[in-house]
Amino acid sequence: MRIRCGYTLSLDTFAPTSMVLLLNVRPERQSDLRSREDIAFDPPVEARRFRDPFGNVATRILVPGGRIIMSTDFEIEDHGRPDDHAPDAREIPVHDLPDEALPFLLGSRYCDTDKLSQTAWNLFGGVAPGWNRVQAIVDYAHGRLRFDYMQADATRSAFDGHGQQVGVCRDFAHLAITLCRCMNIPARYATGYLGDIGVPKDPAPMDFSAWFEVYLDGPAGPRWYTFDARHNHPRIGRIVMAYGRDATDCAITTSFGPSPLAGFTVVTDEVVEGT
């Protein structure tokens, strides 16, 4: 399957402003690219790529002041299968986890494990460990929160979302991640492209999406598995842009100065031959 992805992002700045962008696909997916995914800047600015601490492809720019428009349009190959399902996958004792999984057991900016630990153990302590427990957490977060695009709040933590019972895709992910970490299951945040492929078209405006992954011991050994608390259904065509502890680590733009959003569109469509 081939998928066309892209975006146009416009920001207003009021003075020279440094930014860090996470607007490229993850290194693991770059071999699947079938056209270049270079970021175009209007006006042109010097851009330098680097790898951040989570291995994401990051870009540094200095905006001279005024409006900056960033865009790209590319095609990428995808296996076209839904998210993997491994009901026999087991939890891994903390002392047996690889070192790189340990940070994803800890609290973070939006995943306030200290405030939800007792809730998690009350709800899921009696659930069989492993895949079943993670799925129970996903079911809970999916039912606990009501999706409302107009209720996005950049300051909402998992604890806040649990109490307010509303949010957008990042809030579903943060709540499920936090509950998993409270149960000693490594969970990391993911963001990227997720089009309406194989499902009815979502009436909400297309945006980048957020989901999460957990580290379990599956049939082929320990690995990260994808879960999606907002949709709670295996999906086709996820194109990962960034991994991190939560949305702080995966922000598509980090601006070191005021930069209000002036325009934003995202495209994620299956390429159908002959059209």
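Residues are numbered from 1 along each chain as its sequence is written, and side-chain values use heavy atoms, with hydrogens and water left out. In this predicted model, local features need pLDDT of at least 70 and side-chain atom pairs count only at pLDDT 80 or more, while totals for chains, interfaces and linings use all residues.

**View 1. The largest pocket holds about 1200 Å³ of space.** Here a pocket is an open set of points on a 1 Å grid over the protein atoms alone, where a 1.4 Å probe fits, with protein on both sides within 12 Å along at least five of seven lines. Its volume is the space filled by probe spheres set on the points, which are joined across faces, edges and corners. Look for Arg170, Asp207, Phe208, Ile252 and Phe264, the closest to the centre among 39 lining residues (those with an atom within 4 Å of a point). Two or more lining residues come from each of strand S1 (2-13), helix H4 (169-182), strand S9 (187-194), strand S10 (209-218) and strand S14 (261-270). Helices (H or I, at least four residues) and strands (E, at least two) are DSSP runs, numbered from the N terminus.

**View 2. The second largest pocket holds about 510 Å³ of space.** Nearest its centre you will find His79, Glu213, Arg223, Thr226 and Tyr243, out of 21 lining residues. S10, strand S11 (221-227) and strand S12 (238-244) each give at least two residues to this lining, and S11 has the largest share, with 4 residues.

**View 3. Four strands make an open, antiparallel sheet in the order S11-S10-S9-S12.** Strands pair if DSSP finds at least two bridges between them. S11 and S12 are the edge strands, each with a single partner, so one side of each has no neighbour in the sheet. From one strand to the next, the twist averages 35°. S9 and S12 run antiparallel and are joined by 6 bridges; Leu194 stands opposite Arg238 in S12.

View 4. Axes are lines fitted to C-alpha atoms, for helices over the stretch in contact, and angles run from 0 to 180 degrees between N-to-C directions.
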